[in-house]
Amino acid sequence: MATAAESLTAFEPRITAFVCNWCTYTGADLAGTSRLQMAPNVRIVRLPCTGRIDPLFVIKAFERGADGVIVSGCHPADCHYTAGNYHARRRFAVFRELLDFMGIDTRRVTFSWVSASEGGKWRDVVNETVGRVQALGPFEAYHELAGRQG
Amino acid sequence: MARIGVFVCHCGENIGRTVDCARVADALREHPGVAHSVDYKYMCSDPGQALIKQAIAEKRLDGVVVAACSPHMHEKTFRRACAGADLNPFLCEMANVREHCSWIHEDRARATDKAIDLARTIVEKVKHNRPLQTIRIPVTRRALVIGGGIAGIQAALDIADGGAEVVLVEKEPSIGGHMSQLSETFPTLDCSQCILTPRMVEVYQHPRIKLMAYSEVDAVSGYIGNFTVKIRQKARAVDASTCNGCGACTKACIQRKIPSEFDERLGPRSAIYVPFPQAVPNTPVIDRANCAYFKAKAKGATKAACGKCAEACSRGAIDFDQQDSFVTEKVGAIVVATGFQLYRIGADQPQGLTGYGEYGYGTVPDVIDGLQFERLASASGPTGGKILRPSDGREPKRIVFLQCVGSRDPAKGMAYCSKICCMYVAKHTMLYRHKVHDGQATVFYMDIRAAGKGYDEFTRRAIEEDGARYVRGRVARLYRDGDVIKVHGFDTLSGEPLVLDADMVVLATAMRPQPGIEALAQKLSVSYDQHGFINEAHPKLRPVETNTAGVFVAGACQAPRDIPDSVAMASAAASKILGLFSQAELEREPTVARVDTGLCSGCFHCERVCPYGAVERREIRDRKGNLLKVVAEVNPGVCQGCGTCQATCPSKSVELDGFTDQQIWAEINALAL
Amino acid sequence: MKELQELAARLLTDGSAGVVIGYEEGPRGVRPAFVTRPDDVGRLIFDPRCVHNLATYLSPRRTHLKGLGRPAVVVKGCDARAVAGLLRESQLAREDVLLIAVRCGGVMRHPERHVDLRAETVADRCTSCDVREPHLFDFVVGEAPAAPPVTDRREARIRELEAGSPADRWAFWQEELSRCVRCHACRQACPMCFCERCVADKTQPQWVESSAHPRGVLAFHLTRAMHQAGRCVDCGECERACPADIPLGLLNRKLAHVVAERFGHHPSDDPSVPAPIGSYAQQDGQEFIL
């Protein structure tokens, strides 16, 4: 992970996080309540459940300039809606392999289970993702698609 | 053009210290569609809320964004404030610039930039918010209680005493559950039957309780306030309305040596039987697998092989042709109180379990389990309350009790603690000493867990006053040696192996949920853990609710529970239900899915993923009545708003209000460079 | 051939079918045939040039075929899987269609160019298809054929791509996709692409840009592949329909491997086998989740 001194000069990635309302969003709230310091590169989009998170969101985030994406929700058996996370797990297991096969470096996409009590884990997920994407550099390949003509 | 008001909160210094709130308000003022943008010390205070209300009126705002704390903290507060100014509350959203920004960053410039981003994102979302109406659902003031043990009885009585009707379903011929089998109860040693039987009779006689014994829940549909339950009434082969419970039939039965379930197979019963004398209802039932008439009929006999019970019945209540029947009940809430079973070594091994054959249960007749000991100690039991060995009927002078058989053993058994065993083993040693004055009880234990009012004192009494010998350690194996059982154990405190001669061994086997609990849980759409125990909605704050609204849980089907715990849970569930029934209508957040039936192709992926069964099929017909297509439709009463249907729908023909594609798209878009 | 023609004549004569959908010789090779009169059954043929997946015509969106009456459709193994998919996803009722299964030993990659079925000419998909005779049918016709010639072209290509770096794969796909003109022929030809309104045509919001701009092209193909995961019947129609020769079969095949390895799912002509996306198992792998 990048140290604070390095990050002053390093590239600052833009990370979009899609998180469920009941576990990860609340876990991120707990990180705040516990004053856990973390990299300021992540912007959270709140969804009711990981089951609501569509691969289209990830595609659109990259199209709109994200260098990395986080998808996070409740641990198995913890889903507020019983099974949304299980459906999401299947969906993203496949989508991740598709991204990889089409040449999108999957190190840019973090999937995690962060419960409402895991503020510390949320901080780690954020810092680790930011550090990883920082090392990879800006996602120019994808962003350049905007400039290319068909 | 939208007219959105942005209100940036300092939260005292909580936000203001790291985020330049004035700069956030200034930046947002320039954002397209923002008609008003201010910052203020405490937005949630009365003057803060007044500021919002005033701006809504004066600036004709059509949306409000409060950049402050987490929506989990104050979304309701600000939505209420908006409603107070005649703005639909669902046009108000919060940007979380405290928990997700000021509290987790130190760099003021970057934290301020992030706060601006977050606020802009929510402004873009709110541009696509639609006014929503709180959903109102009618409530059927009638409850279903599944399980007629002490938890179910308590819940049923509390709800009925509170003025609502109750349907109590019990799968056995009588209510009473495991508590009716117990001799005495800890920590007071009062007689179990003496305190339970009056409650059972109260259930039977209660004008607002409909008791359906020997019945099972077949299917459940609907949602909170509006469940429809199909109940199977199993055929007793006895007409309950004409039977007067005289017992002549059971005396006439020619099959008299069927192991009694109530006596844990230590005593016999007849094929037509009442489980125990105080049974409620006191109507016998014919056990078809063991009845001479039904056995012969199953083999194809055309002539009645037996009919002694029918001959003995003066009221003609025996009805060999009776069939299972179905009853449909409408209820507004459901309590699951199906209780437990004991782990029976060899008989029902949970998945992957092979352990404990070394304890000889089922092969050595004088190795019994805790419930069997209860029946031996019970005055109404097969030995009339005398402690006698099953093998030869002699009084055992040395009993060894083994705790934690199957519990606290992730390798061979269940990882959890069964909670009640420490207490009932102490009770057993006392009951034994009270009945066999020269008897010696030895207990092998791992730890003594006696947390509860009067519990530790109780176990101390067993040791100090009633002479129970407690050995900390486990038993490796036991076997029959002539008349005695050799018990090979290890005393971990002295560090020495131990070989004891015992006349009888009692295993405190683990508590497990009732068989079939998974199927029931699936019918109710409630979740359960890997052991089959029903999951509560929240382990601390919502202990008797499940994750399906309107379905509650009480007693040992949720986790190992003793009687006081079960009763407390049952009363808690009853009070929750009475609270629910105190409203004429339920209010629900309108975060529910809607199908665009014009676009829906009817592939029903949504139906397959919906955890609540909220997706229904609707036929679209033309004016002549020709079927055009079948489409999905969401029942807003059942939908809980997870949105899994929308992410699954290939054509995006279903939208989750409050989190529509348009709203999320706008949020993602707003995060662009 | 005669067996097929006689069966078609019988079905049209006794009224059990209103139209027999099969194959006929056209001016530029084999083409789908819609035979409504018993006198015309002589047009019907079946040989390794019959590549089209006729299950596409069973989509309820093909309303112009409705007036012809109940269809009896000629299906190969892959086509039967598509019919099963339509049944599984409620697009079709079993009693609304008659299935004439043909025993199939593989079809050609480019029927207009080849004359016989060899490893060089066989369609990639036929090598991985072990269905000589579909299990979903009302009638079966034809001789028991030999297994198709073996070719490893497609799997070798997938392995080769997987062996490279993400940047290599990115370059490969960008090159291939640069030819996409967003004509959506892949979608139209696919029997499993039956939505009333494709998400790629949705405008509010527009998740997938509609022009042949590289960004929209990538979004379209990611989405198309995702929607086919666990649903693709491997009939090869998308790739055959593509005027730009984009190897869409590689994407479909790759995801078929993924759902097979992860969820044990294999495309089936049994409609009661559930699709893997839309169901789940508690023990599904999650090694990629932190």
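How many residues does the contact take from chain B and from chain C? In this predicted model, the contact takes 17 residues from chain B and 17 residues from chain C. On the side of chain B that touches chain C, at least two residues each are supplied by α16 (605–609), β33 (627–634) and α18 (661–670) of chain B. By class, this side of chain B has 7 nonpolar, 6 polar and 4 charged residues.

A further contact, between chain A and chain B, takes 34 residues from chain A and 40 residues from chain B. On the side of chain A that touches chain B, the elements giving two or more residues are α2 (24–33), β2 (42–47), α3 (55–63) and α4 (84–101) of chain A. Of these, α2(A) provides the largest share, 6 residues. The residues on this side of chain A divide into 16 nonpolar, 11 polar and 7 charged.

Chain B itself has 18 helices and 34 strands. The C-alpha trace of chain B spans about 95 × 75 × 45 Å along its principal axes. Of the 673 residues in chain B, 51% are buried. Among contacts in chain B between residues at least 6 apart in sequence, those joining residues at least 24 apart make up 69%.

Chain B is divided into five assigned parts: domain 1 (4–126), domain 2 (142–234 + 324–339 + 530–581), domain 3 (248–312), domain 4 (342–512) and domain 5 (593–657). The centres of domain 3 of chain B and domain 5 of chain B, taken over C-alpha atoms, are separated by 52 Å.

Strand β3 (residues 63–68) of chain B is mostly covered, with 6 of its 6 residues buried. G63(B), V65(B) and A67(B) point one way from β3(B), while V64(B), V66(B) and A68(B) point the other way, and all are buried. Strands of a sheet pair through backbone hydrogen bonds, either parallel or antiparallel. Strand β1 (residues 4–9) of chain B runs parallel to β3(B) and is joined to β3(B) by 5 bridges. Within this pairing, V66(B) in β3(B) is the bridge partner of F7(B). β3(B) also pairs in the parallel sense with strand β4 (residues 92–96) of chain B, over 5 bridges. Here A67(B) has A95(B) in β4(B) as its bridge partner. The chain crosses from β3(B) to β4(B) through helix α3 (residues 71–84) of chain B, and this β-α-β crossover is right-handed.

An antiparallel arrangement is found elsewhere in chain B, where 3 strands form an open sheet in the order β11-β12-β17. The edge strands, each pairing on one side only, are β11 (215–223) and β17 (325–331) of chain B. Neighbouring strands of this sheet are turned against each other by 20° on average, direction ignored. Strand β12 (residues 226–233) of chain B is joined to β17(B) by 7 bridges, and these two strands run antiparallel. In β17(B), T328(B) stands opposite K230(B).

Note on methods. Residues are numbered from 1 along each chain as its sequence is written. Chains are lettered from A and ligands numbered from 1 in the order in which they are written. This is a predicted model: local features need pLDDT of at least 70, side-chain atom pairs count only at pLDDT 80 or more; totals for chains, interfaces and linings use all residues. A residue is buried if 20 or more other C-beta atoms lie within 10 Å of its own, exposed if 12 or fewer, and partly exposed in between; C-beta atoms are placed from the backbone. Helices (H or I, at least four residues) and strands (E, at least two) are DSSP runs, numbered from the N terminus. Two strands pair if DSSP finds at least two bridges between them. A crossover is right-handed if, with the strands pointing away from the viewer, the path from the first strand over the helix to the second runs clockwise. Two residues are in contact if their C-beta atoms, placed from the backbone, lie within 7 Å. Ala, Val, Leu, Ile, Met, Phe, Trp, Tyr, Cys and Pro count as nonpolar, Asp, Glu, Lys and Arg as charged, and the others, Gly among them, as polar. Domain bounds come from an automatic or database domain assignment. Axes are lines fitted to C-alpha atoms, for helices over the stretch in contact, and angles run from 0 to 180 degrees between N-to-C directions.
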